[in-house]
Amino acid sequence: MDEQKKSLLNVHSYTKECIERYDGASSQQTKTSDAPPLIRMKLSDAIFNLCRANSLWPLTFGLSCCAIEMMCCGMARFDMARYGAEVFRPSPRQSDLMIVAGTVNRKMAPALVTLYEQMPAPRYVIAMGNCAMAGGPFAVEANYDVVLGVDKLIPVDVYVPGCPPRPEALIEGILQLQEKITGKRFPLPQNKMPEGA
């Protein structure tokens with residue numbers, strides 16, 4: 001493991017455990033990609049991917065002000081239930097989507113990695129807000145505690161910019177993730193806006 005990741009995890013009591021995972025000394029090494037299937041069937045894969053994309057279960061994981069906007073998405077005005085992503089789960093073992101909403105501190109980094117590892121495969125990550133993407137207003141030379149991008153710790157599938165991003169932006173991020181999973185924009189009424197609209 002490179003020195004940069006080690007320095008990110010150097011504050012918490014989990015430090016030794018996380019460094020061992022990244023170095024490969026532990027049998028519970030962090031896996032960022034899953035093994036390919038033994039047999040690939042195109043039709044069944046397409047059906048499973050369609051089901052996965054339209055039944056995302058996000059992990060209840062709000063870190064700072066972006067979490068308020070994430071909570072708004074579950075309310076009646078924005079209603080993520082239209083897209084099959086309304087079931088916020090309290091346990092990572094019941095989730096397949098982690099929305100990292102807010103600032104990740106070095107003290108929180110080992111817990112975030114542990115939660116990601118406990119999620120079943122296939123698992124997806126949305127980095128919501130400038131702090132989760134690149135440190136946001138904390139990306140200064142004097143910064144000593146904020147992780148400058150959650151993608152330094154876990155792989156990220158979709159980035160949602162903003163400080164904080166509006167609920168519509170998070171819904172667009174979920175639609176982009178669905179498009180990434182299935183290869184097409186679904187559901188059909190939420191297609192991209194036509195030119196000039």
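Let me begin with a term: a residue is called buried when its relative accessible area is under 20%, exposed when it is over 50%, and partly exposed in between, with a 1.4 Å probe and protein chains only. What we have here is a predicted model, in which local features need pLDDT of at least 70 and side-chain atom pairs count only at pLDDT 80 or more, while totals for chains, interfaces and linings use all residues. Residues are numbered from 1 along each chain as its sequence is written, and side-chain values use heavy atoms, with hydrogens and water left out.

I start with Arg82, which sits in the loop between α4 (66-73) and β2 (97-101); helices here are DSSP runs of H or I with at least four residues, and strands are runs of E with at least two, numbered from the N terminus. With a relative accessible area of 48%, Arg82 is partly exposed.

Asp79 belongs to the loop between α4 and β2, and it is partly exposed at 27% relative accessibility. What is the phi of Asp79? It is near 55°, a positive value in a residue other than glycine. Most residues other than glycine have a negative phi, and most peptide bonds are trans.

Pro122 brings us to Asp96, since residues in contact with Asp96 (heavy atoms within 4.5 Å) include Pro122, Trp57 and Tyr124. Asp96 lies in the loop between α4 and β2. Which side chain of opposite charge is nearest to Asp96? That is Arg52, 6.8 Å away, and Asp96 is buried yet has no salt bridge, a term that requires a side-chain nitrogen of Lys or Arg within 4 Å of a carboxyl oxygen of Asp or Glu; Lys and Arg count as positive and Asp and Glu as negative, with His and the chain ends not counted. A polar atom of the Asp96 side chain does, however, lie 2.8 Å from the backbone nitrogen of Trp57.

Note on methods: A polar contact is a pair of N or O atoms within 3.5 Å; within protein, one must be able to donate a hydrogen and the other to accept it, and residues adjacent in sequence count only if both atoms are side-chain atoms. Lists of a residue's contacts leave out its neighbours within four places in sequence.
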